Amino acid sequence: MGIKRLPSYRDFWSTNEILHDAFVSGLMRVRKFIWILGNIHLNDNNLMPKKSEKNFDKLYKVRPLLDHLSEMFLKVFKPGQKQAIDESMIKFKGRSSLKQYMPKKPIKRGYKVWMRCDSSGFACEFQIYTGKTEEVERNLGERVEQKIIRQKSHVLFF
């Protein structure tokens, strides 16, 4: 579904032969897909902190997945000694409080992600930027670097 783009996910099960996708529709019925889409949760919504609480996390609902990905990236790949930390943009044009606008970048709108990458381009660690906090932050780059650097035996480029 990520490769073949259709106006609606329901079109994969359409009777119209132009829209219909035999591979996707052969894997599961549309009703089952709709049920999974509406019921899958990665975190318990009842335990979600309120916006006014100090430990509020804009990424709370997907935090278990993000943490698991970050852990697996470190586990499956042994990076080289030379690595770089830089910001990256994931293109997104929809509505989201996490969306950033950076007019001087090739991708102007989207999610800003701080990444530590190997010289091959593999992402060893990442941190999604969730926006400004209440207090003025003077050393954002330094904070991100300290949080994203777990292993001290690398030559890092910023």
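Visitor: Which residues make up the largest nonpolar core?
Guide: This is a predicted model. In general, nonpolar side chains in soluble globular proteins tend to be buried together. Here the largest nonpolar core has 5 residues. They are Leu59, Leu66, Leu98, Val113 and Phe126.

Visitor: What is Leu59 in contact with, leaving aside neighbours within four places in sequence?
Guide: Leu59 belongs to the largest nonpolar core. Two other members of that core, Leu66 and Leu98, are on its contact list.

Visitor: Which residues make the nonpolar surface patch of about 280 Å²?
Guide: One of them is Leu69, in helix H3, residues 63-76. The patch is made by Leu42, Val62, Leu65 and Leu69.

Visitor: Is Gln100 buried or exposed?
Guide: Gln100 sits in strand S2, residues 99-101. Buried means under 20% relative accessible area. Gln100 has 19%, so Gln100 counts as buried.

Visitor: What is Gln100 in contact with, leaving aside neighbours within four places in sequence?
Guide: Gln100 is part of strand S2. Its contacts include Met89, Tyr129 and Gly131.

Visitor: In what order do the elements of the protein run from the N terminus?
Guide: The secondary structure comes to 4 helices and 5 strands. From the N terminus on, the order is α-α-α-β-β-β-β-α-β.

Visitor: What share of the accessible surface belongs to carbon and sulfur atoms?
Guide: Of the 158 residues, 24% count as buried. The accessible surface of the protein comes to about 12300 Å². The share that belongs to carbon and sulfur atoms is 55%.

Visitor: How far apart in space are Lys4 and Leu19, C-alpha to C-alpha?
Guide: Lys4 is found in the segment before helix H1. Lys4 touches Leu19, as well as Phe12, Ile18, His20 and Asp21, not counting residues up to four places away in sequence. Lys4 and Leu19 are 15 residues apart in sequence. Their C-alpha to C-alpha distance is 9.9 Å.

Visitor: Which backbone oxygen does the side chain of Lys4 reach?
Guide: Lys4 is partly exposed, with a relative accessible area of 30%. A polar contact needs N or O atoms within 3.5 Å. The side chain of Lys4 comes to 3.4 Å from the backbone oxygen of His20.

Methods
Residues are numbered from 1 along each chain as its sequence is written. This is a predicted model: local features need pLDDT of at least 70, side-chain atom pairs count only at pLDDT 80 or more; totals for chains, interfaces and linings use all residues. Side-chain values use heavy atoms; hydrogens and water are left out. A nonpolar core is a set of buried Ala, Val, Leu, Ile, Met, Phe, Trp, Tyr and Cys residues joined through side-chain atoms within 4.5 Å. Buried means under 20% relative accessible area, exposed over 50%, partly exposed in between (1.4 Å probe, protein chains only). Contact means heavy atoms within 4.5 Å. Patches are made of residues with over 30% relative accessible area and no salt bridge: like charges are joined within 9 Å, nonpolar side chains (Val, Leu, Ile, Met, Phe, Trp, Tyr) within 5 Å. Accessible areas come from the Shrake-Rupley method with a 1.4 Å probe; for residues, only the protein chains shown count as cover. A salt bridge is a side-chain nitrogen of Lys or Arg within 4 Å of a carboxyl oxygen of Asp or Glu. Helices (H or I, at least four residues) and strands (E, at least two) are DSSP runs, numbered from the N terminus. A polar contact is a pair of N or O atoms within 3.5 Å; within protein, one must be able to donate a hydrogen and the other to accept it, and residues adjacent in sequence count only if both atoms are side-chain atoms.
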